[in-house]
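Student: I am new to this structure. Could you walk me through a few of its features, please?

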Amino acid sequence: MTGADDAVAGPPSGRRRRRVWFSVALVALVAGAVTGALLLGSPGGSTADADADAGAPDTTTATVTLGDLTGVTPKAGTLSLLVGPTVVGGVAGTVTELPAPGTLLTSRSVLYRVDDAPVMAVEGTLPQWRGFESGMTDGPDVEQLERSLVAWGFQGRAADGHFDARTAAAIRAWQKELGLPRTGALEKGRVQFVTGTAQVAEVSVSVGDEIGGGAPLYTTAREERVVTVDLPVGSSLARLDGVVTIDLPTGGSAVGRVTGLGAPRATDGGKTVVAVTVSFDDPAAAGDLTNAGVQVAFVSEVRQGVLSVPVTALGAAGGGGFLVEVVDPSAGKTGSEGAGGPTDGAGPGSRLVAVEVGLFAGDRVEVTGDVSEGDEVVVPA
């Protein structure tokens, strides 16, 4: 085995080396990983040696390296705003006011008006499944409402999930501000619990429409931009916190992670897929892009501490498997070591080495065999 200093003596040349290049072309077709291998010269091996040598392509060398390889699987995705909560009709009646698309909503915002009475947004994750009134049992929904009443200054006592006279007084104070009858109670549907901030997206009803409880009124979108990718059900790429690289249409790329998995659904083509949501590690990386097509490279496998060579260094062995041509000045002194052996076919100053291939990662491939870190292998120039 030669060291790196020996390798820089230069690759071998001549007719034998040309046989390796032809093998490289075969490997490139098998691996499908590097188009550069297709740039090899004409195989025309039946012509005279002089003609063959004249037509042989130039070569150079590449170093066998030791390190980590990361295999990726590219998928098409769509960059858009993260979907927010859908606002639904909680109170039956006539819609008398709706926010315009793009309106920013947060806790304490008026979501819409029915019969000229507001339905309000309140911070919380639990839905309102019952009205708030004196005599109701304690519960997390009461505590959730009280937290906002405290934050808005209507309730001095800390939220405890117990609806009492002070809770009713806080609600009356809020109702006064809203112009509602000061009953000290909130019927089911008078508020909708939401989280964070969102903007109105697509409105599906109009002012004047009669609505019932539970009817969807409009969708919302978060300010955060995400990428959505459809993956086949059962795909190993559909895993939370999986790392991806996103190629942006404006140029450059950004790192992201899988933060959400949708429910399985059927496509028009009859396939069943799950929508994977990818969030940017740096939200600013997405800029102002919306509804843009992007390429997402999912990390499918990582191999640590392995030897690798350029894919174009691979040649196909006559009996199957793969070879690399390792620069070896000592081989130039002794020549090849017999027909059929691993060195047969190498040019002076090199030897052919059988290798096992592992992970293909971009333009490099993992190899194991009689090669070492720092060895130089022959590749097309």
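Student: Happy to start! Which residues does R130 contact, leaving aside its neighbours within four places in sequence?
Tutor: Keep in mind that we are looking at a predicted model. R130 sits in the loop between β7 and α4 (140-151). Leaving aside neighbours within four places in sequence, the residues in contact with R130 are M136, T137, D138, G139, D141, V142 and K188.

Student: With which side chain does the side chain of R130 make a polar contact?
Tutor: Look among the contacts of R130, which include D138, D141 and K188. At 2.7 Å, the polar partner of the R130 side chain is the side chain of D141.

Student: Does R130 count as buried or exposed?
Tutor: Buried means under 20% relative accessible area. R130 has 18% relative accessibility, so R130 counts as buried.

Student: What about E366: buried or exposed?
Tutor: E366 belongs to strand β20 (residues 364-369). Its relative accessibility is 6%, and the cut-off for buried is under 20%. Therefore E366 counts as buried.

Student: Which side chain makes a polar contact with the side chain of E366?
Tutor: Not counting residues up to four places away in sequence, E366 touches L69, R303, V306, L307, S308, E356, V357, G358 and L359. One of these has a side chain that makes a polar contact with the side chain of E366, at 2.7 Å: R303.

Student: Now the open sheet of five strands: which are its edge strands?
Tutor: The order is β8-β7-β6-β4-β10, with mixed pairing. An edge strand pairs on one side only, and that picks out β8 (191-194) and β10 (210-211).

Student: How many bridges join β7 to β8?
Tutor: Strand β7 covers residues 117-123 and runs parallel to β8. Within this part of the sheet, V122 stands opposite F193 in β8. The number of bridges joining β7 to β8 is four.

Student: How many nonpolar residues are in the lining of the largest cavity?
Tutor: The lining has 13 residues, and P85, L105, L111, V194 and A198 lie nearest the centre of the cavity. By class, five lining residues are polar and one is charged, while the number of nonpolar residues is seven.

Conventions
Residues numbered from 1 in each chain as written. Predicted model: local features only at pLDDT ≥ 70, side-chain atom pairs only at ≥ 80, totals over all residues. Heavy atoms only, no water. Helix = DSSP H or I, 4+ residues; strand = E, 2+ residues; numbered from the N terminus. Buried < 20%, exposed > 50% of the residue type's maximum accessible area, 1.4 Å probe, protein only. Polar contact = N/O pair within 3.5 Å; in protein donor to acceptor, adjacent residues only side chain to side chain. Contact = heavy atoms within 4.5 Å. Pairing = 2+ DSSP bridges. 1 Å grid on protein atoms, 1.4 Å probe; cavity = no way out; pocket = protein on both sides within 12 Å on 5 of 7 lines; lining within 4 Å. Nonpolar A, V, L, I, M, F, W, Y, C, P; charged D, E, K, R; others polar.
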